[in-house]
Amino acid sequence: MTPMAWTYLDPRGMGITLSASAALLALVLLITNRALGGRLPGMQQAAGGVLLASLGFTLNMLQAWLTPLAGLVLAVVLMVAGVALVLGGVRRLRGMSAHWGWLLACCLVGLAIALWFGLAAPNPRWRIGLLSLLLALLAVLLARTALGESRAQHQAGMRLLALLGVVFAVLMGLRSVAAALGLVESSVSSTLVNSASVLAAGMSLIGGVVGLVLVISGDLLALVEHQRTHDPLTDLLN
């Protein structure tokens, strides 16, 4: 019998490759933002969040070779904290309060789920289902925050972030339902749900960095245009 096309998309190898690529891009973005003097409040947190989520994603893919404390608990904490940090950074980019206390509470919920259903009373269905639901909630909030951007120079990047947030939220929601139905027993097993989830998560991390780069480039283009049309001393139109 000819195997289905998705069986060639190994979740573990694909996840490691995509998350490592996203981590490298996020690191470059962090260096670039620092070199530009940190012009945009929140950019450092958002890029750092992508880096943390990428590291957590990599650990999760390597769980077969790591201790449960590293492959499950630490991986989950980094993934949830990373997405929460991206959300807080995007809120700051919008000029809004980051609500760090609420985001910290989400991280603690993720930690509790990982500890209980990963170590104390191991249950992959509950662990994967609840964590997928938590990540879907954070992704929805991220998409809603990014979609509300009204400044023209930031809209392209924010709309990309919003689109990726919606796609990620939908797939995490479906993954949560699949786990509840017993269709997902492991994060790295070769199944259609896992392959689609890993591909979406990895591409969302990379796309998130691209969206943040578009925000930076839009801001710089607006600055150059302002300098071109305004006197540097009086800030009046030339």
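Is phenylalanine 117 buried or exposed? Phenylalanine 117 is buried, because its relative accessible area is 18%, where buried means under 20% relative accessible area, exposed over 50%, and partly exposed in between, for a 1.4 Å probe and protein chains only. The model is predicted, so that local features need pLDDT of at least 70 and side-chain atom pairs count only at pLDDT 80 or more, while totals for chains, interfaces and linings use all residues. Residues are numbered from 1 along each chain as its sequence is written, and side-chain values use heavy atoms, with hydrogens and water left out.

A pair of aromatic rings is described by the distance of the centres and the angle of the planes. Rings of Phe, Tyr and Trp (its six-membered ring) pair if their centres lie within 6.5 Å; planes under 30 degrees apart count as stacked, over 60 as edge-to-face and the rest as tilted. By this rule there is one aromatic pair. Its members are phenylalanine 117 and tryptophan 126, which are stacked with 5.9 Å from centre to centre and 15° between the planes.

The helix pairs come next. Helices are DSSP runs (H or I, at least four residues), numbered from the N terminus. Two packed helices are described by the angle between their axes and the distance between the axes. The axes are lines fitted to C-alpha atoms over the stretch in contact, and angles run from 0 to 180 degrees between N-to-C directions.

Helix H1 (residues 11–35) and helix H2 (residues 43–61) have axes that come within 8 Å and cross at roughly 160°. H1 is therefore roughly antiparallel to H2, a term for angles over 145 degrees. Their crossing is left-handed, meaning that the near helix is turned anticlockwise from the far one by less than a right angle, with clockwise giving right-handed. The contact of H1 with H2 comprises 14 nonpolar, seven polar and two charged residues; here Ala, Val, Leu, Ile, Met, Phe, Trp, Tyr, Cys and Pro count as nonpolar, Asp, Glu, Lys and Arg as charged, and the others, Gly among them, as polar.

Helix H3 (residues 68–93) packs with helix H4 (residues 100–120) at an angle of about 165°, the axes being 9 Å apart. This makes H3 roughly antiparallel to H4, and H3 passes H4 in a right-handed crossing. By class, 19 nonpolar, four polar and one charged residues make up the contact of H3 with H4. In the loop between H3 and H4 lies histidine 99. Although histidine 99 is not a glycine, it has a positive phi of about 55°; at 44% relative accessibility, histidine 99 counts as partly exposed.

Two cysteines can be considered together. A disulfide is a pair of cysteine sulfur atoms within 2.5 Å, and by this rule the count is zero.

Helix H5 (residues 124–147) includes leucine 147, which is exposed with a relative accessible area of 60%. H5 and helix H6 (residues 152–180) pack at about 160°, with their axes 7 Å apart. H5 is thus roughly antiparallel to H6, and H5 passes H6 in a left-handed crossing. The contact of H5 with H6 divides into 18 nonpolar, five polar and two charged residues.

Conventions. Helix = DSSP H or I, 4+ residues; strand = E, 2+ residues; numbered from the N terminus. Parallel < 35°, antiparallel > 145°, perpendicular 65-115°, else oblique.
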